[in-house]
Amino acid sequence: MATKWKIRLSGTGGQGVIKGAVILAEGALIDGSNATQSQVYGPESRGGSTRAEVNISDQAILFPKVENPNLLLCMSPEAYDKYAKDLIPGGILILDGEVGKGKEIPGVKIYRCPITEICREAMGSELSANVVALGVINGIANLVSFDAMVESLHRNFKAKVADLNVKAYQLGLDAAKKIEPYTV
Amino acid sequence: MKPIYQEYFRNNLPHIWCAGCGNGIVMSAWARAMDELKLDKNNVIGVSGIGCSSRITGYLDLNTLHTAHGRALPFAQGAKMARPDMDVFVFSGDGDCAAIGGNHFIHACRRNMDMTLIVINNNIYGMTGGQFSPLTPFGKKATTAPYGSVDPSFNLCELAIGAGASFVARGDIYHAKQLTDLIVAGYKHKGFSVIEVIASCPISYGRRNKIPNPADMMQYVKDHTVAKAVAEKMTPEQLEDKYITGILHEAQGREYTEEYAKLCERVQGGDK
Amino acid sequence: MAKVRLVQGNEACAMGALKAGASFYAGYPITPSTEIAEHMAEMMPACGARFIQMEDEIASAGAIIGASAAGAKAFTATSGPGFSLMQELVGYAAITEIPVVFVDVQRMGPSTGLPTLSSQGDIQQARWGSHGDHSIIAIAPNSVMETYYQTIKAFNLAEKYRTPVIFLLDEEIGHLRERFEVDENEEIEIINREKPTCAPEDYVPFENVAGGVPPMASFGEGYRYHFTGLTHNEKGFYSSALPVVDKFNRRLVDKIEKNVKDIFECEELFVDDCDVLLIAYGSVARSAQEAMNELREAGVKVGLFRPITIWPIDEERIKAACAGKKAVIVPEMNLGQYAREVERIVAGSVPVKKLCRVDSELVIPEEIIDMVKEVLK
């Protein structure tokens, strides 16, 4: 298979999952890789489950979707219930807070991290939880370089907001170092 | 000097309208207005929808667009946006404008783009043989109302005022000179000008409603129209089956293409 | 050098339209096309181009045709339900030969269907949605970069052939973000409608010229003439004379169909060296190509024929591509709207297999691989 990273970010509408995927994919492009980003969402712009997908590869990417991710982020219990089964054996599963607790799927590497809580406590709001999540993802899997992510954040936010998000991103990177992965 | 009809009409007459039809009177009233305004024909766009009245554009020596049923105003607004420097006249009928084109009419009034709409109201769908329209008075007969219409009509001018047109007038085919004056005034007004013209269709409307003779139809129009100044002194009962004519509403409003041009300037100046 | 950016298909379409010289946009919001309107609203004022949001899709179609008659390069963007509403005026643009581009970002139908999810269900609507026997040009790109370049081509073809052009994105491509690397100053051929050079009194706006496409004057250029949706003579006035009507209708079809070699564009991969040929377009062609690559790595001889131009069809080319194959597989996100054309063209000489998805999910490479293996059993 040509595509190296097949990433799915999932959560509820309004959590910024799609925006997070856009920032990650653009970061990969800045690093010189190829990337595609797509999404599936309902007719509403808030609520409902949202999934965004990113392929990252050093080769051309044809099929733009992600059927079976090798990295899955779940930011809501509904998203976990819906998508956890799609993760490939041995894949990386990143769970926000208590998501999926007690019903972890076997055979995958589970990284549990209170992403939203970290964001709320450090930033005073949950708005940048998606970017904290990107920090966690890259802290674990190192998909995109730090410089490229900073550049991508600046492309995707106005200057002031971008600086805040760089901070959020750093929070995620730091948090990733403390995660003890486990498998059931 | 050439006669007016040679100056402003194409060389393709006779027209298709029935004897006694009011459309020709409206067309000549428009030509007299053109003659008074001395507009450059190359700079004038004529747009119409579908129906007897909308066939007018085929005869006018302008840049003309005979469009689809009810859609004259969207075409006209597109043309005006593309060429705000050109003058636009739109011709429509009561079915074309008030029924199938009703939504476009409301929104054209709201946008207040600088153009003049002439709605020829003959109270009937003439071209398809006499079906009732939204402007057919209650109780009148049509092929689709053989026992008299129970479908309420509305007042197009009041609708136009409510929707935001900045110039609204009503004329009629009996008072042809007044009609020319209204068209001139409508053209001169900056913004969306609506002129409803009370007209006649002796064939599809008159024959079913006991006024089959064109002259009687003309008399009917005369008897049922009242100038605004006179109407102000009449009781609602006296005005019940009358059309009030003259300039009914005139206001200053923001003109759409000018506002858009200002917006472009603002954006190009780096100010958002 | 062009900066590498992550760009969405709909945005690439908007950028392509501006590059092509689009000076007027009218539209009504509808998922999944709305980003195009939003980009136009944002970008057009800066270059003096004009944007208007109309009260519905019919008004949008009317406005772009009116603007084009007045000299603008005009377009609208919509999705299936809105495209259905526009159909009468697609026919109007065809009969009056006023160049316009209709972008249709296809979504699941019929009716409201699944507004945010993908489909290729408008393939036949694009061809036959309006009544009467005119022909049409329709284009379906398969990537964000191709969306940019093919949008430019859509405008070029509209201007060259004085015809409505349907730009058939599907939601997958419209909303897909991927690598976009275009030099904004790149020299690209831009075609503008041919203008009359004769004196106004000698101008015959709908003349039966060789090639079928008469020059077109815009409003305000001194050629005062008449557009009508009625069948008209060469001067532009209503005619019901039998020979006039017959000749006119045939010209409307012929000016497109007889120039199919100029209009039609496709991508052929291993077409001459395959046992099974895949025919796919738009987003599904990406799945097909991935399936082909995997199969060829395993030694299975599969090829791909990807029509970029959906209408008109270069039938000779499809016939030649299919000749002698063990089977032709047509994967698409509808119940065989393009496959029926392939069946008609090959007329039983090659087995044509449909691979249809109408559950809103993109056809996946594995499904195609399975079907190839099945037909080779």
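Helices here are DSSP runs of H or I with at least four residues, strands are runs of E with at least two, and both are numbered from the N terminus. Keep in mind on this tour that the model is predicted.

**Stop 1: a cis proline in chain C**

Select C:Pro312, in the loop between strand S14 (309-311) and helix H11 (315-322) of chain C. Look at the bond that ties C:Pro312 to C:Trp311: the peptide is cis, and omega is about -5°.

Now jump to C:Pro32, which sits in the loop between strand S2 (24-27) and helix H2 (34-43) of chain C. The peptide bond running from C:Thr31 into C:Pro32 is also cis, with omega near 0°.

While you're checking backbone geometry, pick C:Glu97. You'll find C:Glu97 in the loop between helix H4 (80-96) and strand S5 (100-108) of chain C. What is the phi of C:Glu97 near? It is near 60°, a positive value in a residue that isn't glycine. For background, most residues other than glycine have a negative phi, and most peptide bonds are trans.

**Stop 2: the two domains of chain C**

Colour chain C by domain: the assignment gives domain 1 as 1-263 and domain 2 as 267-376. Their C-alpha centres are 28 Å apart. Where they meet, 29 residues of domain 1 of chain C contact 20 residues of domain 2 of chain C.

On the domain 1 side, the elements that each supply at least two residues include strand S6 (114-118), strand S8 (164-170) and helix H8 (242-257) of chain C. Helix H5 (123-128) of chain C is on that list as well, and H5(C) has the largest share, four residues. Colour that side by class and you get 16 nonpolar, eight polar and five charged residues.

**Stop 3: where chain B meets chain C**

Show chains B and C together. The contact uses 35 residues of chain B and 36 residues of chain C. On chain B, the elements giving two or more residues are strands S1 (44-48) and S2 (63-66) with helices H3 (72-82), H5 (102-111) and H11 (256-268). Which of them gives the most? H3(B) does, with eight residues. The chain B side divides into 16 nonpolar, 15 polar and four charged residues.

Next, zoom in on S2(B) and strand S10 (226-228) of chain C. These two pair in the parallel sense, over three bridges.

**Stop 4**

S4(B) and S8(B) are a parallel pair with seven bridges. One place to look is B:Val119, whose bridge partner in S8(B) is B:Glu196.

**Stop 4: where chain A meets chain C**

Select A:Gln37 to find C:Arg177, the bridge partner in S9(C).

**Stop 5: a helix pair in chain A**

Finish with helix H3 (115-123) and helix H4 (129-141) of chain A. Their axes come within 9 Å and cross at roughly 120°. Is the pair roughly perpendicular or oblique? Roughly perpendicular covers 65 to 115 degrees and roughly antiparallel starts over 145, so H3(A) and H4(A) are oblique to each other. The crossing is right-handed.

For the contact itself, show A:Ile115, A:Thr116, A:Ile118 and A:Cys119 from H3(A), then A:Ala129, A:Val132, A:Ala133 and A:Val136 from H4(A). That set has seven nonpolar residues, one polar and no charged ones.

Definitions and conventions:
Residues are numbered from 1 along each chain as its sequence is written. Chains are lettered from A and ligands numbered from 1 in the order in which they are written. This is a predicted model: local features need pLDDT of at least 70, side-chain atom pairs count only at pLDDT 80 or more; totals for chains, interfaces and linings use all residues. Two residues are in contact if their C-beta atoms, placed from the backbone, lie within 7 Å. Ala, Val, Leu, Ile, Met, Phe, Trp, Tyr, Cys and Pro count as nonpolar, Asp, Glu, Lys and Arg as charged, and the others, Gly among them, as polar. Two strands pair if DSSP finds at least two bridges between them. Domain bounds come from an automatic or database domain assignment. Axes are lines fitted to C-alpha atoms, for helices over the stretch in contact, and angles run from 0 to 180 degrees between N-to-C directions. Angles under 35 degrees count as roughly parallel, over 145 as roughly antiparallel, 65 to 115 as roughly perpendicular and the rest as oblique. A crossing is left-handed if the near helix is turned anticlockwise from the far one by less than a right angle, and right-handed if clockwise.
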